[in-house]
Amino acid sequence: MTVSAQEGGSAVTAPHLPPRPIAAVLTDRLDDIAVADAAVRLAGIHRAPLLLVAVLPAHVDDRAAGRAGAAVLARVLPRLGRAGLGHIPTAHRLPPRHGTRLRTAAGVVALARRNRCDAVVAARTGPAGVDAAALREAAALHGGPPVHTAGRAPWAPLRGTAPTPPAPPTRSNPPTTEGTRSR
């Protein structure tokens with residue numbers, strides 16, 4: 001697809017640029033589902049790919065980082081498959097304890113900037129520096145993309161795990177005296 005514009009009486013055609021990715025910050029929490037859903041909606045508008053940022057703790061060694069990143073991504077990949085969007089998996093390791101929350105957030109924002117992301121989607125709560133408020137602050141300070149906050153994931157009990165409570169006694173269902181002693 002080309003776009004043409006009149007410039008000095010002649011038509012100039014510019015090639016269509018590919019869409020820039022939308023970053024989804026995943027922290028191995030239940031809120032990752034809501035983050036993935038919000039990122040899919042945002043990316044679906046422009047048919048842009050998703051940059052899936054799996055945030056890993058600082059203490060994870062290099063050998064286990066691949067498995068930990070895959071475990072974080074495994075929760076959201078089925079949702080991406082249904083949407084038919086491409087994705088770019090990546091990992092970001094949290095700095096050791098002595099790092100501030102803005103330093104942590106600046107690392108995630110820098111990763112999104114390096115990948116030329118149009119937007120970042122993060123959960124309202126999360127590890128220090130990876131929540132939406134800290135990312136928004138770091139993006140404002142360091143010139144990063146806009147940060148969108150994903151809502152909380154809806155909680156639903158597992159089906160068939162809780163026993164059904166007995167029906168309350170009614171006139172048609174009087175309480176039984178079975179197993180009681182009479183004097």
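## A covered strand

Strand S6 is mostly covered, with five of its five residues buried (buried means under 20% relative accessible area, exposed over 50%, partly exposed in between, with a 1.4 Å probe and protein chains only). Helices (H or I, at least four residues) and strands (E, at least two) are DSSP runs, numbered from the N terminus. Ala119, Val121 and Ala123 point one way from S6, while Val120 and Ala122 point the other way, and all are buried. In a regular strand the side chains alternate between the two faces of the sheet.

This is a predicted model, in which local features need pLDDT of at least 70 and side-chain atom pairs count only at pLDDT 80 or more, whereas totals for chains, interfaces and linings use all residues. Residues are numbered from 1 along each chain as its sequence is written, and side-chain values use heavy atoms, with hydrogens and water left out.

## The sheet around S6

S6 belongs to an open sheet of five strands, paired in parallel in the order S5-S4-S3-S6-S7 (two strands pair if DSSP finds at least two bridges between them). Strand S5 (87-93) and strand S7 (147-150) are the edge strands, each pairing on one side only. From one strand to the next the twist averages 25 degrees (axes are lines fitted to C-alpha atoms, for helices over the stretch in contact, and angles run from 0 to 180 degrees between N-to-C directions).

Strand S3 (residues 22-26) pairs with S6 (residues 119-123) in the parallel sense over three bridges. Ile22 stands opposite Ala119 in S6, and Ala23 has Val120 in S6 as its bridge partner. S6 is also joined to S7 by four bridges, and these two strands run parallel. Ala123 has Ala150 in S7 as its bridge partner.

## Helices on the sheet

Helix H5 (residues 132-142) packs on the sheet, touching S3, S6 and S7, and its direction makes about 175 degrees with that of S7 (contact means heavy atoms within 4.5 Å). S6, H5 and S7 make a right-handed β-α-β unit: with the strands pointing away from the viewer, the path from the first strand over the helix to the second runs clockwise.

## The largest pocket

The largest pocket is lined by 17 residues, and Leu94, Pro95, Arg97, Pro127 and Ala128 lie nearest its centre. A pocket is an open set of points on a 1 Å grid over the protein atoms alone, where a 1.4 Å probe fits, with protein on both sides within 12 Å along at least five of seven lines; lining residues have an atom within 4 Å of a point. S4 and helix H4 (101-114) each supply at least two residues of this lining.
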